[in-house]
Amino acid sequence: MKKVLFAAALAIVSGSVMAKGYQAQGCGLGSTLFTDGSSLVHQVLGATTNGLSANQTFGMTSGTSNCELDKSGRASTVFIEANKVALQNDIARGQGEALTTLTKMYGCSNASSVAPVLQKNYQSIFPSQAVSAEQIDGAISSLVRNQKACI
Amino acid sequence: MIRGFLFLALFTFSSMASANELLQKAAELNLAQDKTWLNLLHYRSGMFGTKSEIGDSRYYLSSEGRTDAQSELAATIKAFFIDPYSGISDQHPACRFPARYLYLKKKLNREIKVNCPKLQYYKDKMEAKGVALVFSSYFLDTPASAFGHTFLRFLKNPDKEESYELLDYSLNYAAVVTSSNAMIYAIMGLTGGFNGEFASLPHFYKVREYNDHESRDLWSYELNITNDQLDMIIAHSWELGQVPVPYYYLTANCSYFMLALLDVADPNWRLVERTPHFVIPVDTLKSVAQVPGLIKKVHYRPSKRKVFEKRLSSLSSEDKDLLQKAYDQNDIKIFDSISDIQHKAKLLDTFIDMWDYKNSKAITKEDNETLQKKNQFLIARSQISTPSQKLIGETPSLENPLLGHGSRRLSAGIGYHETRKNFFDFEFRFALHDFFDSLIGQNPLATMEMGRFKLRYYADKKKAPHQWRFQEAYLLNVQSLADFREFFRAMSWRFKLGLRTIEDRSCDACQVAHTSLGVGISRSKMNHILSLLIATEVDAAKDYGPHNYRIGLGPELFWRYQILNKASFGLLADYKRRFVNDRFQETWSLGPQSRFYMANEWSMDLKGEWTDRAYLGTLSLLKTF
């Protein structure tokens, strides 16, 4: 607290703050976000700022990270990993933005008919907290496919 | 052989002719002094002449590029259109500087064939069809966010009914902080010791971080721009992303660079020029709003807390009791007493949001126990097929930060002191807000002041020990109040640091260094605030008795009521028991204050102060800008 206030006293204004020394793991919001001072941005981008080799910093961080919403087919997994809490809420409640967005990513235009299918199968999608984003992705997409919920 | 020579000579000649022609055209158009060209190079005039704010040599194709716009222009034209290139395609100058290329292509009417796969990938995943400047609201818990934060959001579906906002991309500029030491952090932050870095990332990371983890509202201001302008912004973001730029917390900060980036789209916007030297994020929104028609749409995204409050507001008081009980006992079986299934779903929905709001840290850390407990609630909820109520997003337009008063404030007043008679006050405040300023567009429960200086002049030389004096010079004055009520039992606190003049029983007109910290509880309703804090104060001065300091402890009671756009009324009562020069003393003061708001951010302030030594009153005229 004292430290925070002191820092505040001397220098504030805008900007989000980040620090080095992170351990990038997956594309989730991150267990390291505020605990060891490492940054969300770095974790997301999975790239280091050390050695700004040539002119590649931005190219690296925005180009080769695997937490992107590109067409590589991993986009829905990346989305699920970062939005897991919101998505889990939405599926349990049968409605919500994260759910609508995911159904759109699967190419469905009718979130309202996909939602009840997922809600009914909540426990098979989230059998435990240890379930990974890939598993969730797999479970949801096969449910959507098998039950022909998607149009 | 001779033929080969001839060919080479011819080739060189023709490319020279072409080079001369292009350079001549650039000269005719005076491109080196063109606003857009200078914006692309980030030239700024300062005390030491005009130069670019980007120091990294990789940002320039000419060795003089940082200070000589003409030489950089010539080097760029040569590199793009004249010199043959044989390296990797991504390293082609036109791939490294795509905004410069777009600009010169148009101005010189010249095109080249070049492939930039990485740049293309960057643009493809963004799929931008619009752009918005996003303001993340004030967050007093971390010093870096106390004044808010801004970043850009590139919209994929700007005009559709369902915008799938989460899938948009954001562009953020932030300092890469390399030290957790507060002192180093502060010094480096102010002097540009940290590098700033641009990052583009899916917008949902921003939503999860600000909306959910920190419970901050997000305000998006969508800009009214053409496709060409959008292309320039994206291309320039790519250029900026390739070099480190020193980050200055007060000037060249996150919000500043968002404007500097937008400025390349249209030189007439002059967004950087419109913004004061010290850049407070909210001021940059105002710079954008000053350009007629530039803001197309305002979009509000409530924080987790606001969502929870919204659900809570539709519950009866019995429901709320059940909710609190379930939360305290960590058990949703309490809801089994409800027979109406829809009703139960509504309570569970509120309960889930409450859980997320109260445990946001543990949830972000993916704390297993927290998540496992929560899963039980979600399983119960999933067994009720009724979908949860969609929360219709009403925009709380009075909270729109764009409508807030100016960050800086200047005031002049006349006053009367019981023994020293007439005086004049002159005050300047660098930023941002106190409880008596208009609360529209502000955090209504916070005072956030940085750099407030008050000079006082006593008219009668014989009555006052010094005619001129620095009455107050506060570096920082923060009061973060929290309405202490059901479900939101948070403490209030305040912190103050600076110089002040003591005029009470223990000393008459002593100038001291002051620091104080208070903690307590507050209530707030209908623009009323009532708070009771226990505060401890330390005052130190060289000539202050044998020990050079005094310490004090005591309660402070504060009340304020504001009638929007009209007036505020308030009262501060302060009692302290102080340890001064080896003995105890009691001091007290009572201060009524009112403020009347007039047009164009002018206001009138009437303030009284009655202390154990004297009474005084001041009437001031204030202007925020």
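The largest nonpolar core of this predicted model has 146 residues. A nonpolar core is here a set of buried Ala, Val, Leu, Ile, Met, Phe, Trp, Tyr and Cys residues joined through C-beta atoms within 7 Å. A residue is taken as buried if 20 or more other C-beta atoms lie within 10 Å of its own, as exposed if 12 or fewer do, and as partly exposed in between, with C-beta atoms placed from the backbone. The residues with the most contacts inside the largest core are B:Leu133, B:Met258 and B:Phe351. Two residues are in contact if their C-beta atoms, placed from the backbone, lie within 7 Å. With neighbours within four places in sequence left aside, the contacts of B:Leu133 include B:Thr150, B:Tyr221 and B:Met258. A second, separate core has six residues, among them B:Tyr59, B:Leu61, B:Val243 and B:Val245.

Residues are numbered from 1 along each chain as its sequence is written, while chains are lettered from A and ligands numbered from 1 in the order in which they are written. The model is predicted, and local features need pLDDT of at least 70, side-chain atom pairs count only at pLDDT 80 or more, and totals for chains, interfaces and linings use all residues.

The model scores ipTM 0.87 and pTM 0.88. In chain B, pLDDT (the predictor's confidence in each residue, from 0 to 100) averages 90, and 96% of the residues score at least 70. Over residues 6–11 of chain B, pLDDT stays under 50, and the model has zero contacts there beyond four places in sequence. Where pLDDT is low, the predicted coordinates should not be read in detail.

Chain B is divided into domain 1 (19–115), domain 2 (125–301), domain 3 (304–382) and domain 4 (404–624), with bounds from an automatic or database domain assignment. The C-alpha centres of domains 1 and 4 of chain B lie 53 Å apart.

Helices (H or I, at least four residues) and strands (E, at least two) are DSSP runs, numbered from the N terminus. Helix α9 of chain B covers residues 227–240, and its buried residues include B:Met232, B:Trp238 and B:Leu240. B:Lys106 lies in helix α5 (residues 98–108) of chain B. This lysine, B:Lys106, counts as partly exposed because it has 13 C-beta neighbours inside 10 Å. Between B:Lys106 and B:Arg153 there are 26 Å in space, C-alpha to C-alpha, at 47 residues apart in sequence.

Chain A contains nine helices and one strand. Of its 151 residues, 51% count as buried.

Conventions:
Expected span 1.5 Å × (residues − 1).
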